[in-house]
Amino acid sequence: MGKTSISVPEMQRLLGMKKVEAYWLVKQKRFQTVLVGGKMRVLLDSFEDWYNCQFHYKKVDGPPPGQRWDHTVGVQEAAERLGIHPGTVYTYIKRGQLQAVKVDNQTRIYKDSFPTAAQVEPEGGTA
């Protein structure tokens, strides 16, 4: 049977962060914790769920964060794919021409909304 929890210092090393930042994440209730023998433990399933749904923190060794959102792209990548300025991407989102969602304080654009983006007018409008 594998591990079901890790200590906060283990999590700290896994993410390559300082002690204060690790305990701040615990205090923010980003994942479930339990007390075992007076020591705080982070439930591994809860930690992995959190890790896969956020983009800010990266493991020292391991897969990149945000695996649950691989069906989306960030604003910069969307702008590069469409050949437009990132600010224009936000305009298209406001107009409903691109479908987006806020994840971990980042705007993410659904990849399947790109076909509708072919119908958007080029930057600068029409002549």
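# Notebook: a predicted model, element by element

**Entry 1. The whole chain.** I began with contacts along the chain. Among contacts in the protein with a separation of 6 or more, 47% join residues 24 or more positions apart. I note here that the model is predicted. Next I looked up the secondary structure, which comes to six helices and six strands. I then read the elements along the sequence and wrote down the pattern β-α-α-β-β-α-β-α-α-β-β-α. I also looked up burial. The protein has 127 residues, and 35% of them count as buried.

**Entry 2. A sheet of three strands.** I asked myself in which order the three strands of the open sheet stand. The order is β1-β3-β2, and the pairing is antiparallel. β1 covers residues 5–7 and β2 covers 33–36, and both stand at the edges. Each has a single partner strand, so one side of each is left without a neighbour in the sheet. From one strand to the next, the twist averages 40°.

**Entry 3. Bridges in the sheet.** I took the pairs one at a time. β1 and β3 pair over three bridges, in the antiparallel sense. Here I found Ser-5 opposite Leu-43 of β3. Then I turned to the other side. β2 pairs with β3, residues 39–43, over four bridges, again in the antiparallel sense. I noted two partners across this pair. Leu-35 has Met-40 of β3 as its bridge partner. Thr-33 has Val-42 of β3.

I also looked at the turn. The hairpin of β2 and β3 has two residues between the strands. In this hairpin Gly-37 takes a positive phi, near 60°.

For my own reference, I wrote down one general point about strands. In a regular strand the side chains alternate between the two faces of the sheet.

Entry 4. I moved to the helix made of residues 8–15, which is α1. α1 lies across β1 and β3. Its direction is at about 85° to β1.

I picked Arg-13, which is found in α1. Is Arg-13 buried or exposed? Its relative accessibility is 56%, and exposed means over 50%, so Arg-13 counts as exposed. Arg-13 and Val-60 are 47 residues apart along the chain, yet their C-alpha atoms are separated by 7.8 Å.

**Entry 5. Leu-44.** I found Leu-44 in helix α3, which covers residues 44–52. How exposed is Leu-44? Its relative accessible area is 22%.

Leu-44 and Ile-6 are 38 residues apart in sequence, but C-alpha to C-alpha they are 6.4 Å apart in space. Ser-5 was already in my notes, as the residue opposite Leu-43 in β3.

**Entry 6. α4 against α5.** I looked up how these two helices meet. α4 covers residues 75–82 and α5 covers residues 86–95. Their axes come within 8 Å and cross at roughly 95°. That makes α4 roughly perpendicular to α5.

Which residues make the contact? From α4 they are Val-75, Gln-76, Ala-78 and Ala-79. From α5 they are Pro-86, Val-89 and Tyr-90. I sorted them by class: six are nonpolar, one is polar and none is charged.

Entry 7. I listed the buried residues of α4 as Val-75, Ala-78 and Ala-79. Looking down the axis of α4, I found these buried residues within an arc of 100°, so they line one face of the helix.

**Entry 8. Glycines after the helices.** Just after α4, Gly-83 takes a positive phi of about 70°. After α5 comes Gly-96, and its phi is positive too, near 85°.

Notes
Residues are numbered from 1 along each chain as its sequence is written. This is a predicted model: local features need pLDDT of at least 70, side-chain atom pairs count only at pLDDT 80 or more; totals for chains, interfaces and linings use all residues. Side-chain values use heavy atoms; hydrogens and water are left out. Two strands pair if DSSP finds at least two bridges between them. Axes are lines fitted to C-alpha atoms, for helices over the stretch in contact, and angles run from 0 to 180 degrees between N-to-C directions. Contact means heavy atoms within 4.5 Å. Angles under 35 degrees count as roughly parallel, over 145 as roughly antiparallel, 65 to 115 as roughly perpendicular and the rest as oblique. Ala, Val, Leu, Ile, Met, Phe, Trp, Tyr, Cys and Pro count as nonpolar, Asp, Glu, Lys and Arg as charged, and the others, Gly among them, as polar. Buried means under 20% relative accessible area, exposed over 50%, partly exposed in between (1.4 Å probe, protein chains only). The arc is that of the directions from the helix axis to the C-beta atoms.
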